[in-house]
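Thank you all for making the time this morning. I would like to walk through one model, element by element, and I will give the cut-offs as we come to each term.

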Amino acid sequence: MNQQYITLISFGYFRKDILVKIAEDVTKEFQCHVNIREGHLDLSEFYDPSRRQYNGNSLLKVISTQFSIDSLKTIGLFSVDLFIPILTFIFGQAMLKGPAGIASLYRLSNERYGMPADEVLLMERFKKEVIHELGHTFGLVHCPGPTCVMRSSTYVEDIDQKNSSLCIKCRAAMGLVE
């Protein structure tokens with residue numbers, strides 16, 4: 001039986017303070033204990049040289065089958081450029097009502113878009129993406145609410161426009177009490 005905690009697994013280097021802050025925010029949002037672990041994968045197995053990106057579907061499958069055994073939900077944290085075949089890129093992905101999701105910092109930094117670095121904004125975007133993908137693992141679909149963290153995000157600006165928390169309807173769907 002799964003334990004009642006969420007696991008964040010970093011693949012690659014992430015500063016500990018970043019991971020701790022995201023874990024605190026996830027704990028607050030989902031009212032569930034969060035464990036932080038380091039994971040190790042040979043990412044070259046997931047690299048598509050024709051796209052110069054990493055296959056999100058393949059990574060998600062491995063996170064689900066090899067790293068989510070002992071948790072309620074597991075999110076793999078990456079800093080590489082992710083794609084799925086039908087999209088140019090993705091910020092993250094999750095299995096709807098499934099055990100796992102993935103999120104990447106790669107396309108969340110201002111520098112990627114020719115703007116000055118902003119670490120606070122980068123962390124805010126990453127937190128929103130992690131919470132969004134976890135929402136999917138708990139069965140939430142994209143929300144039409146303009147500020148709900150579960151609103152779909154095609155561009156980084158979309159992430160900036162939404163809150164880092166679930167709206168009242170999404171919280172109710174999950175059975176979370178205010």
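Predicted model: local features only at pLDDT ≥ 70, side-chain atom pairs only at ≥ 80, totals over all residues.

Let me begin with Asp 17, which is found in helix H1, where helices (H or I, at least four residues) and strands (E, at least two) are DSSP runs numbered from the N terminus. Residues are numbered from 1 along each chain as its sequence is written, and side-chain values use heavy atoms, with hydrogens and water left out.

Asp 17 counts as partly exposed, at 44% relative accessibility; buried means under 20% relative accessible area, exposed over 50%, and partly exposed in between, with a 1.4 Å probe and protein chains only. The side chains of Asp 17 and Arg 15 are joined by a polar contact of 2.7 Å, a polar contact being a pair of N or O atoms within 3.5 Å, where within protein one must be able to donate a hydrogen and the other to accept it, and residues adjacent in sequence count only if both atoms are side-chain atoms.

If we leave aside neighbours within four places in sequence, Glu 29 is in contact (heavy atoms within 4.5 Å) with Ile 131, Ser 164, Ser 165, Leu 166, Arg 171 and Leu 176.

Most residues other than glycine have a negative phi. Gln 31 is partly exposed, with a relative accessible area of 48%.

Lys 97 also has a positive phi without being a glycine, with a value near 60 degrees, and it lies in the loop between strand E8 (92–94) and strand E9 (100–104). Lys 97 is exposed, with a relative accessible area of 65%.

**The nonpolar cores**

The largest nonpolar core has 35 residues, and those with the most contacts inside it are Leu 8, Val 26, Leu 77, Phe 126 and Val 130; by nonpolar core I mean a set of buried Ala, Val, Leu, Ile, Met, Phe, Trp, Tyr and Cys residues joined through side-chain atoms within 4.5 Å. At least two residues of this core come from each of strand E1 (5–11), H1, strand E5 (73–78), helix H3 (119–137) and helix H4 (156–161). Apart from it lies another core, of 17 residues, with Phe 46, Val 62, Val 80 and Leu 82 among them.

Returning to Leu 77, and not counting residues up to four places away in sequence, its contacts include Leu 8, Phe 14, Ala 103, Phe 126 and Val 130.

Helix H2 (residues 56–67) has 12 residues and reaches 15 Å from its first C-alpha to its last, close to the 16 Å expected at 1.5 Å a residue, the expected span being 1.5 Å times one less than the number of residues. At the start of H2, a side-chain oxygen of Asn 55 reaches to within 2.9 Å of the backbone nitrogen of Asn 57. The buried residues of H2 include Leu 59, Val 62, Ile 63 and Phe 67.

Turning to the strands, there is an open sheet of four, in the order E3-E4-E6-E7, with mixed pairing; two strands pair if DSSP finds at least two bridges between them. Its edge strands, each pairing on one side only, are strand E3 (47–48) and E7. E3 and strand E4 (residues 53–55) pair in the antiparallel sense over two bridges, and Tyr 47 stands opposite Tyr 54 in E4. Strand E6 (residues 82–84) and strand E7 (residues 87–90) likewise form an antiparallel pair over two bridges, with Leu 82 opposite Ile 90 in E7, and a hairpin of two residues joins E6 to E7.

**The cysteines**

How many disulfides does a search of the whole structure find? It finds zero, a disulfide being a pair of cysteine sulfur atoms within 2.5 Å. The sulfur of Cys 143 is 3.7 Å from the closest cysteine sulfur, in Cys 167, which is too far for a bond.
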